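Take a look at the fold shown here.

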Amino acid sequence: MVTDIESSLWAPNSWQTKQAAQQPVYDNPAELDSVVAELSKLPPLVTSYEVVQLKQQFAEAQAGKRFILQGGDCAESFSDCHGPTIASKLKILLQMSLVLVQGSKRPVTRVARIAGQYAKPRSENMETRDGVSLPSYRGDLINRVAFTAGDRRPDPQLLLQAHARAAMTLNFLRSLSKGGFADLHHPEYWDLSFAENSPLADEYHRMAASISESVRFMENILGIHAAEIERVDLFTAHEGLHLHYEQAQTKRVPRREGWFDLSTHFPWIGLRTNQPDGAHVEYFRGIVNPIGVKIGHTTSDEQIQQLVEILNPGNEPGRLTLIHRCGAKRVATELPRMIRAVKATGREVVWVCDPMHGNTFLTADGIKTRNFDGILSEVEQAFDVHAAEGSKLGGVHIELTGENVTECTGGSRGLSEEDLKRDYRSEVDPRLNSEQALEIAMLMARKMARM
Ligand code: PEP
Ligand code: CO
């Protein structure tokens, strides 16, 4: 448990006494204060009931009885608050989760990077073009992407707009989810044309057929029509980067103890803000939600141990997820020491592999990309390392989109570096498109089925 002295010092705004990395500098603090006050009066986006339910599911993943599929855009933009874009994201996550259920023989929890993934950490505070320097674009929560002084000015009003967009996104997602698994019956649902030339095409078809078979079994034997399954559970997540935004939505609720961040179910701390003595860790230690922290090769064993001790002092199952993002070349050497560092604390965490952020590179033409095989290799190695260390990989964290963009190379369709020029839309990190995302789920399912 947090000691009394520590807990009495925590408050939704106690982070302000610490060093907060990656925060925008607003030129009108009074305007920021009034926006934060307004935001704190708006209704929450999620409920404490859902947050507690998700923590229970993370506890099951920690025990190896469930698998977490976290996925979505690197950054949502306000223009992504658009019906077809939202629907296609739900569809790919649903599809991937069904494939993973088949492979892992475990229930799968869907956690989308959505309805609030509007802020990005940046390596440089300023961007310079043709001798003109302006604040870097930090996501639609903070400023606008166009390179003009007006657009790049951090604008507090965007916090209110983001909350409204997140609410609209969630409202549509909740309605869509009510349709249950209805779409499974549409033949185009399992379009596997991308795999035509893959040596695994037959296996992919068998997986899809087996899922359809399970649905038919359920309908025939149990008499439940897939379209009638009341609800598909979907939880939300975003990087809890902008601490004023999180603070404003941090609330107490009747009949439950503690403070909940009700802007999302599962906020996480990014790699650039995971300093144990920093403001983000201070904010996160006081909220009840299940929380994540990204760790990488730059995160020392000592830092990992401090994070575990500060963020999960009570060793509560499902409370803390460590999201490792080492890269395919480093995971075999870095992950064992991370697992051992946590073991030495006597506490447990949920382990999730992010195979995206350690595998980013620039093409000869300067395009930021990731290769399908590198991503797959990191996940496969992560499964093996956890097994060898007597640990469990509880989930994966993937950047993806429901559309057929060309941002990552590889996959059965064989996207090349030349193809990246065709339909590259991300303002930040490259995402797997829906075909690549479905294929990686199939390959992960295949791996899990053989373990
Ligand atoms: C991200 O998840 O988009 C991100 C910035 O990751 P990381 O903090 O691991 O670099
Ligand atoms: Co990213």
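Helices α4 and α13 cross in the right-handed sense. A crossing is right-handed if the near helix is turned clockwise from the far one by less than a right angle, and left-handed if anticlockwise. This is a predicted model: local features need pLDDT of at least 70, side-chain atom pairs count only at pLDDT 80 or more, and totals for chains, interfaces and linings use all residues. Residues are numbered from 1 along each chain as its sequence is written, chains are lettered from A and ligands numbered from 1 in the order in which they are written, and side-chain values use heavy atoms, with hydrogens and water left out.

**Helix pairs**

Two packed helices are described by the angle between their axes and the distance between the axes. Axes here are lines fitted to C-alpha atoms, for helices over the stretch in contact, and angles run from 0 to 180 degrees between N-to-C directions. Helices (H or I, at least four residues) and strands (E, at least two) are DSSP runs, numbered from the N terminus.

The axes of α4 and helix α13 (residues 434-449) come within 7 Å and cross at roughly 15°. The two helices are therefore roughly parallel to each other; angles under 35 degrees count as roughly parallel, over 145 as roughly antiparallel, 65 to 115 as roughly perpendicular and the rest as oblique. On the α4 side, the contact includes I92, M96, V99 and L100. On the α13 side, residues including A437, L438, M444 and M448 take part. Contact means heavy atoms within 4.5 Å. The residues of this contact divide into 13 nonpolar, 4 polar and no charged. Ala, Val, Leu, Ile, Met, Phe, Trp, Tyr, Cys and Pro count as nonpolar, Asp, Glu, Lys and Arg as charged, and the others, Gly among them, as polar.

A second pair is α2 (residues 29-41) with α6 (residues 157-177). Their axes come within 8 Å and cross at roughly 20°. That makes α2 roughly parallel to α6. The crossing of α2 and α6 is right-handed. E31, L32, V35, E38 and L39 in α2 meet Q157, L159, L160 and H163 in α6. The contact residues divide into 5 nonpolar, 2 polar and 2 charged.

**The barrel**

In what order do the 8 strands close into a barrel? The order is β1-β2-β5-β8-β9-β10-β11-β14, and the pairing is parallel. The twist averages 25° from one strand to the next. Helix α4 (residues 83-104) packs on the sheet, where α4 touches β1 (67-72) and β2 (108-113). The direction of α4 makes about 150° with that of β2.

Two strands pair if DSSP finds at least two bridges between them. β2 and β5 pair in the parallel sense over 3 bridges. R113 has A237 in β5 as its bridge partner. β5 and β8 also pair in the parallel sense, over 3 bridges. Here A237 stands opposite F266 in β8. Next, 2 bridges join β8 (residues 266-269) to β9 (residues 291-295), and these strands run parallel. I269 stands opposite V293 in β9.

Strand β5 (residues 235-239) is mostly covered, with 5 of its 5 residues buried. Buried means under 20% relative accessible area, exposed over 50%, partly exposed in between (1.4 Å probe, protein chains only). In a regular strand the side chains alternate between the two faces of the sheet. Both faces of β5 are covered: F235, A237 and E239 lie on one side, T236 and H238 on the other.

**Single residues**

| Residue | Relative accessible area | State |
|---|---|---|
| T273 | 0% | buried |
| S88 | 17% | buried |
| Q22 | 18% | buried |
| S212 | 22% | partly exposed |
| D130 | 83% | exposed |

T273 sits in the loop between β8 and α9 (279-285). T273 touches A21, Q22, E239, L241 and H280, not counting residues up to four places away in sequence. Q22 itself lies in the loop between α1 (4-9) and α2.

Most residues other than glycine have a negative phi. Q22 has a positive phi near 65°. D130 has a positive phi of about 45°. D130 belongs to the loop between β3 (126-129) and β4 (132-135).

S88 lies in helix α4. With residues up to four places away in sequence left out, S88 touches G402 and E403. S212 is found in helix α7 (residues 201-222). The C-alpha atoms of S212 and S391 are separated by 33 Å.
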